[in-house]
Every structure is written in C-alpha cells, then in structure tokens.
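These are my notebook entries on one structure.

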Amino acid sequence: MGEIDNEDIFNIIEEDKKTEIPQIMPFLPMRDVVIFIDMLLPLFIGRQASIKAIDEAMAMDKFIFLVTQKEPNIENPKTDNLSRIGTVSKILRILKLPDGSMKILVQGIAKGKVIKFFKSKASYRVNIEILPEESVKEITLEIKALMKNVRESCEKILSLKGDFNTDIGFILENISEPGKLADLVSSNLRLKVEESQKLLEIISPVERLKKVNEFLSREVELSMVQAKIQSDVKEEISKNQKDYFLREQVRAIYKELGEADDKFEEVEEYKRQIKRAKMPKEAEKEAIKQLKRFEKMHPESAECSIVRTYLDWLVELPWSKFTKDIIDIKKSKNILDKDHYGLDKIKDRILEYLSVRKLNPKSKGPILCFVGPPGVGKTSLGKSIARSMNRKFVRVSLGGIRDEAEIRGHRRTYVGALPGRLLQGLKQCKSNNPVFMMDEIDKIGTDFRGDPSSALLEVLDPEQNFSFSDHYLNLPFDLSKVMFILTANLTDTIPFALIDRMEIVNLSGYTEEEKQHIATKYLLPRQIKENGLKKNQFSITDKALLEIINKYTSEAGLRNLEREIGKLCRKVARKIAENEKGPFNITPSNLSKFLGVPKFFPEMDKERSQIGRVTGLAWTSVGGEVLYIEASLMPGKGELILTGQLGEVMQESGRAAVSYARSNLRKFKLKQNCLENVDIHIHVPSGATPKDGPSAGIAMATALVSVLTRKPVKNDIAMTGEITLRGRVLPIGGLKEKCLGALREGISTVIIPKKNEKDISELPENVKSKIKFITVKHINQVLKTSLEEKVKK
C-alpha cells in the first residue's frame with residue numbers, strides 16, 4: 001500500500017462528502033475496534049466473507065458499513081451479535097497480501113443505523129439509515145468551558161507520558177465543533193470496545209463531549225497514579241537493583257489497575273484473610289511480619305513453603321469464630337434421655353453444669369472426666385452435651401501418645417512441623433468454643449521426648465489456658481472458651497496433678513435390666529437398619545435377649561452385646577438373601593443355631609460349698625468382676641506361696657491374712673505349732689491376667705481359715721474388703737461395679753465393709769432388690785457369716 005500524504009487525504013474526504021451515500025451497501029463486522037467520523041484506520045481482513053464484502057465495495061463506490069461485534073471471539077457472527085449503530089466508511093487504500101488476506105485503510109464518513117441485514121452468497125449487505133449529526137446552534141459559555149477542559153485534560157495526559165508537543169496543541173485549539181473534538185479524542189483514547197460503542201451511539205455532540213470528558217478524567221487520574229508509582233519505586237529502589245525495580249514497578253501497576261500475577265494475588269488474599277480472621281493484636285502483628293517476609297521470597301525457595309504453611313495455619317485458626325450457646329435445660333434433659341438410658345447421676349451432674357453456664361456464661365467451669373469401663377457411653381455423652389448446647393464436637397484419642405509435641409506442637413525448625421492436636425482439632429471444627437473430648441487419657445505414655453500429661457496441665461487449668469502457647473505458632477491462643485471433657489477407664493495411671501484439675505464422674509456400667517432395655521430400644525433397631533432388614537422380618541424374645549446378655553457376653557458396657565445382636569442380624573440377612581421365608585423369631589431354644597454354644601458359664605460350682613475356695617470381687621478397667629481365691633495346705637517348711645500373677649498390694653494382703661491367721665490360731669482351736677511344717681499356698685485362677693488392688697484381704701483370710709478349720713465357704717456369698725493385722729475390715733472403692741459383676745455371676749449375697757454402707761443408697765434399685773448386703777467391721781463377722789459347719793465324714 002502506497003504512502004498517503006495530507007493533501008491526498010483532504011481531497012478524498014472532501015470528495016466523499018459530496019458523494020451521495022447509498023442506503024444499501026456491504027458491511028464489515030469489526031472484532032475489537034470502533035471507528036468514529038473522520039477517523040483514519042488501517043485494518044487487516046482475513047475472513048472470507050469480509051474479503052468478499054471489500055471486493056464488492058471496491059467494485060461499486062468504495063462505501064462500506066463498519067459495525068462492531070458484541071462478542072469478538074465469534075468467527076461468523078450472527079445479526080444478534082452485531083451492534084445496530086455503526087459508521088459508514090470509505091475505503092481509501094487496499095493491499096492484498098500473499099496469504100490471501102488484505103490490508104485496507106478506511107476513513108469514517110457518517111453514522112448509520114441498521115434497518116435490515118442481508119446475507120447473499122457472495123457477501124454481507126445491510127440496509128441503513130443515516131444518522132445526521134445534531135448541529136450546535138450556539139457555543140455557550142458552558143460548552144466552551146467543557147471543550148477547554150477536554151483540551152487541557154488531553155494536554156495533561158500527554159505531558160505526563162512525555163508525548164506532548166506544540167503541533168498537537170495547535171490541532172486541539174483549532175477544532176471549534178464539540179462533536180469533532182469528541183470524535184478526535186475518542187479515537188485516540190484507549191477505551192474498551194463497549195465504551196467506544198456507547199460514545200458512537202450518542203447523537204448529541206455536547207452529550208458525547210461530556211461523556212468523553214468523564215473518560216478523560218479517569219485517564220488523567222490513572223496517568224497520575226502511574227507517574228506516582230514510577231516516582232515512588234525509583235525513590236525506594238537503588239540503581240544497582242534494576243531487575244528488582246522492574247518487578248516492583250509491574251507489581252505496583254497491577255495493584256493500581258486491579259490486576260495481579262499469581263504471587264501478588266496470593267499476597268493480597270492473605271491480607272484479606274488476616275483481616276477476616278480478627279486475630280489478637282500480637283497474632284496479627286506476627287502474621288503481617290511473616291507476610292512481608294513471604295512477599296520478598298522467591299516462590300521456589302524452601303523457606304517460602306514453610307512461611308506459606310505457617311500463614312495458612314494463622315488465618316485458618318478460629319481466633320474469633322464461635323458458635324452461640326443455646327442452653328435450654330429441659331431440651332438438654334430430653335436429649336440426654338433420648339440418647340442414653342439410665343445414668344441418672346451423670347445426667348444430673350451434666351445438667352447442673354449447663355445450668356451454671358446458662359446463669360453465668362463467663363464462669364470457668366470444672367473439667368469433667370468420665371471414668372468407666374469400655375462401652376458404657378462416655379464418648380456419646382460428650383456428643384449429646386455438644387448437641388444440647390449447640391456447640392461443635394471434637395474428639396481426639398490420646399491413647400499411646402508419648403511425645404509432648406502431640407499436645408504442644410513441633411517447633412517450626414523441624415521438617416514437617418505442625419501444631420499440636422488441640423489446635424488441629426479447633427481448626428478442623430472452625431470454632432473456638434467446641435466441646436473437646438480427649439479420650440483414653442489414662443493411657444498416655446512417657447519417654448525421652450517428654451511427658452504429654454504434663455503438657456496437659458496448662459491446657460486443663462482454667463487459670464492458665466486463656467494464653468496457651470503452641471510451639472508451632474509461638475503465639476498465645478485462648479482455650480478458655482473450650483469445654484474440655486476427658487475419658488478414662490481407670491484413674492490409677494493418671495498423674496495426681498492432672499486428676500487435681502478434673503472432676504471425676506464415674507460411669508459404673510449397666511445392670512441386666514438396663515442392658516435389656518438399651519438393647520431393645522437402641523441396639524436392636526440400629527443393627528436391623530444397618531444390616532438391611534425390616535422390622536417385620538426379624539424379632540427376638542426378651543428371654544432370648546437375656547440369654548445373650550448372660551451367656552454370650554460378660555461386660556460392664558454394651559459393645560459385645562451389640563456385636564452379638566449384629567451377628568444375629570447378619571445370619572438372618574443371609575437366610576433372606578438365600579430366599580428363605582420369614583419372619584425369623586429368635587428364642588432361647590433356637591439361639592444356639594445362630595450364635596453357637598454359649599461362651600460364658602459361671603466358674604463357681606453352685607451345687608455345693610467348698611473348703612478353701614472363696615468368691616471375691618474385683619474392680620478392673622472393664623468393670624466389676626468375680627475373683628475366685630483358693631487356699632491349700634501342704635507339707636513343707638512353713639512358707640507362703642502366692643500365685644496367679646498378683647501385684648504387690650495383693651501380695652501384701654495375702655501376707656496380712658496369713659499373719660492374722662497365725663496370731664489367732666487359738667481362736668480357731670488349733671495348735672500353735674500346726675503351721676510350722678506346713679506350706680500355705682494361696683492362688684487366684686486365671687494366672688495370665690495381672691491382678692492387684694486393696695480389696696482381697698478378707699477373701700484371702702476366709703479361704704485360709706476355711707482350710708485350717710476344714711469348714712466349707714458358702715457358695716452363694718461374695719465378699720470384698722481389706723484386712724488389718726488386728727482383723728479390722730477397711731472400706732473399698734468401686735462398690736457398684738463389683739455388685740454388677742456379682743449379679744452377672746448369679747450371686748445374691750455380698751459382704752462389704754461397714755464403712756461402705758453409705759454407698760448402698762447410691763446403687764440402682766434393681767441392684768439393691770436382688771442383692772442382700774451384709775456389712776461387717778471385723779473379720780470374725782465375715783467368718784461367722786460365710787463359713788459352714790465342718791463337713792461330716
């Protein structure tokens with residue numbers, strides 16, 4: 001395409017103005033540009049339909065209608081994707097390129113409005129209506145001021161960019177018509193296609209100039225900000241940091257334009273998250289400090305990923321997020337009754353706690369610790385408390401942990417460092433006041449890595465945990481709003497300092513009737529549903545259920561009972577799957593067909609009483625159990641043999657029992673030297689199980705006296721209590737658990753220390769009605785009650 005000088009352009013324009021514009025002409029869809037009147041614009045033409053439209057226009061009078069596409073990405077636009085107002089243009093020059101495309105130079109002549117689109121085989125055509133420019137009858141003072149403002153804005157923008165010269169100023173000053181000034185400025189502003197199209201569609205010259213003035217004001221402000229950015233960056237960055245300066249300049253430009261690269265966007269997102277997190281001032285200060293470090297780091301550096309992980313933890317922890325407590329005592333009682341049967345004392349204690357929280361939400365309540373055998377509902381009680389308070393529930397198992405960092409977290413210098421389980425749980429539940437349950441606190445270990453139980457002292461102390469410091473965060477975090485609930489099977493292995501911070505709530509276990517009720521109301525429906533059965537397909541009688549409880553399980557809780565019921569349901573499910581017809585009713589007579597032979601039989605021979613065999617009672621981590629103690633005499637040297645894997649406390653009880661018997665031989669009408677040539681052997685069966693505790697003394701003494709006097713011990717009596725050298729009977733603990741163990745073995749009479757008489761009132765009514773309690777102060781009362789007369793030969 002040849003060069004076009006100013007004189008040629010002027011002649012062409014004047015000639016076109018005299019030429020009559022046709023109403024029907026070819027039209028050209030424009031992808032990303034809008035042409036204004038008197039504007040010269042080079043265009044590259046590549047679409048075949050557009051090339052044909054150009055050829056047709058050149059063959060006629062060189063007029064072509066330029067209209068802008070609404071969606072520039074569409075290759076073959078339809079009429080609904082084209083603007084209705086465009087520009088009638090004249091093709092001034094054309095240059096065909098080797099690849100079949102062409103380059104043309106066009107100049108805007110007039111505005112037009114599309115009346116109708118035509119599409120022929122050869123090209124696009126359009127029927128238009130010319131939109132004449134409204135004339136300005138008088139240049140008022142307001143219009144003059146507007147035109148002056150537009151000229152000054154243009155000069156200011158060009159000056160800021162360093163492009164202003166006197167020729168440009170001369171051109172602007174010599175344009176006296178508002179419409180032409182608006183079109184000239186519009187054609188040189190870098191506007192979006194939508195904004196340019198809106199300007200084109202404004203017919204009034206004055207209104208169009210006002211709109212141009214608005215866009216110019218925005219451009220002036222943007223240019224000033226850009227100049228300020230360049231100035232600020234140059235002042236802050238030294239000359240020998242050219243590369244860094246360029247990066248900062250680009251970043252600052254992106255910031256002012258509302259755009260960003262990946263790293264910059266990540267930093268901005270962290271800033272927003274820090275603001276939303278509403279951290280304490282100390283934490284927010286540290287977060288901003290780490291964010292500034294992160295911003296200066298190279299994305300590929302190892303330190304960058306460590307800081308990023310730290311920032312993620314800071315912004316995701318619930319510093320200020322919490323759930324609103326909704327404490328309705330009646331509703332909470334209904335929830336506890338619905339979820340758990342029995343456990344009245346525990347429920348009362350929980351409701352008392354909630355009542356205090358309702359009256360004084362800021363009170364620092366005690367840390368509750370549920371102690372009881374497995375399967376009695378400790379964890380589910382915690383869930384019910386959370387549900388009744390409208391709080392979130394978090395459970396963490398502490399069994400077997402030996403590293404203090406599990407509680408306090410690892411320091412960030414370690415590879416793969418993380419906060420402790422407390423903060424992990426809070427992050428997971430997204431609340432700073434959940435019900436936080438720590439299971440198996442009695443099974444925490446200790447080794448060279450520290451003592452986790454000592455770390456818990458700060459966590460569980462209401463006077464200290466408002467500023468709990470995790471090694472990873474190295475910032476104080478407020479744990480005072482968290483409701484901590486702990487669980488354990490025994491308190492023996494929990495350090496005293498930790499017990500001192502907790503209120504122990506004992507869950508003893510369930511009686512036979514309670515198990516039957518729970519199985520009927522909760523366990524059976526749940527297992528029927530989980531195994532895909534329907535209620536009318538499966539049923540079990542009360543007697544069969546009792547037989548499962550007594551002969552197929554022997555536990556304080558309910559886990560094995562639910563497993564056995566689940567086993568029944570699976571057997572029935574298989575029969576139904578094999579197309580056997582139901583319904584299936586489980587009775588004592590057909591129970592063994594489903595569950596096999598019974599697993600548990602009472603060890604005690606109830607047909608007759610035996611010499612030297614006593615039924616004791618023990619309290620273990622799985623509940624109360626019956627403990628059989630046997631004594632025997634044999635020729636020897638007067639030694640004492642204790643077997644059955646007894647602990648030190650039980651061994652001392654055995655020695656105390658022997659000492660009492662030796663010192664009271666005359667009371668039993670025995671010779672003083674009768675034990676000199678005899679060895680005493682006291683044995684507790686089930687030798688593979690370790691046994692210990694201070695409650696087997698009277699049972700060992702009774703077994704020994706039974707052997708010495710040849711008097712059998714009554715087979716329907718169990719006993720528990722410690723003995724002194726003077727024969728006094730000392731109180732014991734775990735009475736409820738031991739009584740439940742006795743009931744499971746069918747024992748109806750229990751001898752207990754006199755000082756434990758007060759504990760009988762705490763037992764369930766069905767336990768008190770089935771067991772006859774005999775309270776004793778001295779071993780003589782035990783012997784008188786439990787020993788029968790000598791066996792007749």
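In my terms, buried means under 20% relative accessible area, exposed over 50%, and partly exposed in between, with a 1.4 Å probe and protein chains only. The model is predicted, so local features need pLDDT of at least 70 and side-chain atom pairs count only at pLDDT 80 or more, while totals for chains, interfaces and linings use all residues. Residues are numbered from 1 along each chain as its sequence is written, and side-chain values use heavy atoms, with hydrogens and water left out.

**Salt bridges.** I counted a salt bridge where a side-chain nitrogen of Lys or Arg is within 4 Å of a carboxyl oxygen of Asp or Glu. This rule gives 33 salt bridges. Asp337 is paired with Lys333, with 3.1 Å between the closest N and O atoms. Both residues belong to helix α12 (residues 329-339) and sit 4 residues apart, about one turn of the helix. For helices I took DSSP runs of H or I with at least four residues, for strands runs of E with at least two, numbered from the N terminus. Lys333 is partly exposed as well, at 42% relative accessibility.

I then looked up Lys345, whose side chain meets that of Glu762 in a salt bridge (2.4 Å, N to O). This pair links distant parts of the chain, 417 residues apart: Lys345 is in helix α13, and Glu762 is in the loop between β23 (749-753) and α26 (765-770). Lys345 is exposed at 55%, whereas Glu762 is partly exposed at 46%.

Arg276 is exposed, with 52% relative accessible area, and Glu269 is partly exposed, with 28%.

**Positive phi.** Asn474 is not a glycine, yet its phi is positive, about 60°. I located Asn474 in the loop between β10 (468-469) and β11 (476-477), and its relative accessible area of 55% makes it exposed. Lys669 also has a positive phi, near 60°. Lys669 lies in the loop between α23 (648-663) and β19 (678-683) and is exposed at 78%.

**Buried strand residues.** Phe436, in strand β9 (residues 435-439), is buried at 1% relative accessibility. Its C-alpha is 6.1 Å from that of Ile485, 49 residues apart in sequence. Phe65, in strand β3 (residues 63-68), is buried at 0%. Phe65 and Val126 are 61 residues apart in sequence, and their C-alpha atoms are 7.7 Å apart.

**Cavities.** How many cavities of 30 Å³ or more does a search of the whole structure find? I found 4. A cavity here is a set of points on a 1 Å grid over the protein atoms alone where a 1.4 Å probe fits but cannot get out, and lining residues have an atom within 4 Å of a point. Grid points are joined across faces, edges and corners, and a volume is the space filled by probe spheres set on the points. The largest cavity holds about 140 Å³. Its lining has 16 residues, with Tyr353, Gly365, Ile367, Ser480 and Val482 nearest the centre. Helix α13 (344-359) and strand β12 (483-488) are the elements that give two or more residues to this lining.

Key:
On a 1 Å grid over the protein atoms alone, a cavity is a set of points where a 1.4 Å probe fits but cannot get out, and a pocket is an open set with protein on both sides within 12 Å along at least five of seven lines; lining residues have an atom within 4 Å of a point.
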